[in-house]
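Hi there,

Here is the structure I promised to pass on.

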Amino acid sequence: RQFYRDFYGASNAQIAVVGDFDEAAVTALLKDAFTSWKSPRPYARVVNTYTKVPAVNRVFETPDKANAQFEAAVRVKMNDASPDYPAMVLANYILGGTISGRVPDRIRNREGLSYSVRTNFAAPTEGDSAMFSMFAISNPANTPKVEASFLDELRKTLSAGFTAQEVAGAKKEWLDQQVVVRSQEASLATTLAARERNSRTMAWDKALEAKIAALTAD
């Protein structure tokens, strides 16, 4: 409660509204709701800077839980303006961004070791501490197998890369997915607010999609 009193306020907020609405009415409503909600302290973003940290491998026993959760992650020195960012977005999509990605297809669909498994790649706009990660839920007895399969799939990818067919298929799926996301008002509002926060427009998305469309397996 004290943290809320000390820091929470709308002085530096961005709001995006999408759909069929009366602009004057919505503006009046927002002013009435938020104008008096002042931020008690000056606002400054927390920028994450890449730092190389020692590898850790830890197990936390939770006897009261029926399932085990396996997570793996590595920091990458990159932001979303880096030349390699589009390739990393597509590489993650192929690896585990969908249920048919390499890692979920093997661990969940073919080996039946996990109920839910996926990989993720996130890079900041400010700073340079990106992260590639993997997540899976399984029967505790299967967790070592989940880890072994994930590492094996990662090694294969690092040594052999992706096929031209995989890249072509993933590009089409990913680009089609962006169209679907933009057709949903809530998703579009979220995107617009995020772009406003970083002084960008949807032209940034258009440029990213062009870069991904131009990617090759090499």
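Ser-149 is buried, at 6% relative accessible area (buried is under 20%, exposed over 50%, and partly exposed in between, with a 1.4 Å probe and protein chains only). This residue sits in helix α5 (helices are DSSP runs of H or I with at least four residues, strands are E runs of at least two, and both are numbered from the N terminus). Leaving aside residues up to four places away in sequence, Ser-149 touches Arg-106, Ile-107, Glu-111 and Leu-113, where contact means heavy atoms within 4.5 Å.

Before going further, a word on provenance: this is a predicted model, with local features needing pLDDT of at least 70 and side-chain atom pairs counting only at pLDDT 80 or more, while totals for chains, interfaces and linings use all residues. Residues are numbered from 1 along each chain as its sequence is written, and side-chain values use heavy atoms, with hydrogens and water left out.

Now to the sheet. Three strands form an open sheet in the order β1-β3-β2, with antiparallel pairing (strands pair if DSSP finds at least two bridges between them). β1 (68–77) and β2 (114–122) are at the edges with a single partner strand each, so one side of each has no neighbour in the sheet. From one strand to the next, the twist averages 10°; angles run from 0 to 180 degrees between N-to-C directions, and axes are lines fitted to C-alpha atoms, for helices over the stretch in contact. Between β1 and β3 (residues 129–138) there are 10 bridges, and Gln-69 stands opposite Ile-137 in β3. Helix α4 packs on the sheet, touching β2 and β3. Helix α5 (residues 143–160) lies across β1, β2 and β3, at about 140° to β3.

The structure holds 11 salt bridges, each a side-chain nitrogen of Lys or Arg within 4 Å of a carboxyl oxygen of Asp or Glu. One of them joins Asp-152 to Lys-156 at 3.4 Å, N to O; both residues lie in α5, 4 residues apart, about one turn of the helix. Asp-152 is partly exposed at 25%, and Lys-156 is also partly exposed, at 44%. Another links Asp-205 and Arg-195 at 2.7 Å. Asp-205 belongs to helix α8 (residues 203–213) and Arg-195 to helix α7 (residues 185–197), so this pair ties together parts 10 residues apart in sequence. Both Asp-205 and Arg-195 are buried. Finally, shared partners join Arg-106, Glu-111, Asp-152, Glu-153 and Lys-156 into one salt-bridge network.

Best wishes
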